[in-house]
Amino acid sequence: APVSSTLLKAKLAFEISPRLSSYAYLRAKVKNTTGGIFLAGRVQIFMDESFVGSSFIRNIGTDEDFDLFLGIDERIKVERRQLKAKEDVSVLPSVHGRIKSIDYEYVTKVENFRTADSDILVIDQVPIPQHDEIKVEQIFIDPKPTETDEEKPGVSKWAFLLAPGDKKEFRLTYRVKYPVDFEISGL
């Protein structure tokens with residue numbers, strides 16, 4: 001039996017991280033307007049009187065904002081394609097031996113098959129080298145991100161409204177250069 005039931009308004013948005021997943025995840029930004037504290041535990045979530053899922057919350061204070069993740073909505077289609085991974089190895093050795101460079105190009109397409117406008121947040125990133133001999137250069141991002149975060153270098157975000165039937169594309173290109181004898185991952 002439920003401990004209590006509360007009706008709260010939420011701002012809904014679809015979060016997409018195409019590098020990690022080809023799905024759009026519905027997130028609700030909620031504010032605790034009840035005047036009381038929500039204790040940590042399991043919550044059952046209903047939207048328009050329909051059960052949409054279960055989640056866990058941490059302790060939520062009075063007037064505190066929190067997120068609820070409501071699962072995948074397959075009516076927002078996400079496709080990320082790698083258009084290029086052109087590899088080139090230098091003929092002449094440098095100070096660190098021969099250098100390999102790889103040009104990467106990705107296109108992400110987001111399409112709205114819902115019957116309503118949808119707030120979308122796309123989060124993508126360019127690799128950030130953790131070694132001085134690995135370089136990431138010639139970065140091109142189109143369209144320009146609506147948000148970047150100094151504490152998360154390489155991460156770009158695009159927030160936009162997508163009308164029913166509309167689609168939007170994002171292009172990301174970069175070059176990675178490193179000594180041939182290095183083994184690297186996460187590109």
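Predicted model: local features only at pLDDT ≥ 70, side-chain atom pairs only at ≥ 80, totals over all residues.
## About the model

Local features need pLDDT of at least 70 and side-chain atom pairs count only at pLDDT 80 or more, while totals for chains, interfaces and linings use all residues. Residues are numbered from 1 along each chain, and side-chain values use heavy atoms, with hydrogens and water left out.

## Aromatic pairs

Let's start with the rings. A pair of aromatic rings is described by the distance of the centres and the angle of the planes. Rings of Phe, Tyr and Trp (its six-membered ring) pair if their centres lie within 6.5 Å; planes under 30 degrees apart are stacked, over 60 edge-to-face, and the rest tilted. The count here is six aromatic pairs. Tyr104 and Tyr106 are stacked, because their ring centres are 6.3 Å apart and their planes meet at 5°. Both Tyr104 and Tyr106 are buried (under 20% relative accessible area, with a 1.4 Å probe and protein chains only). Together with Tyr174, Tyr104 and Tyr106 form one aromatic cluster.

Phe160 and Phe170 make a tilted pair, with 5.6 Å between centres and 40° between planes. Phe160 belongs to strand 11 (residues 155–162) and Phe170 to strand 12, so the pair ties together parts 10 residues apart in sequence. Strands are DSSP runs (E, at least two residues), numbered from the N terminus. Phe160 counts as buried at 14% relative accessibility, and Phe170 counts as buried at 5%.

## Charges over rings

A charge sits over a ring if NZ of Lys or CZ of Arg is within 6 Å of the ring centre and within 35 degrees of the ring normal. The charged end of Arg80 sits over the ring of Tyr106, 4.0 Å from its centre. Lys168 lies over the face of Phe160, 5.5 Å from the ring centre.

Key. Buried < 20%, exposed > 50% of the residue type's maximum accessible area, 1.4 Å probe, protein only. Helix = DSSP H or I, 4+ residues; strand = E, 2+ residues; numbered from the N terminus.
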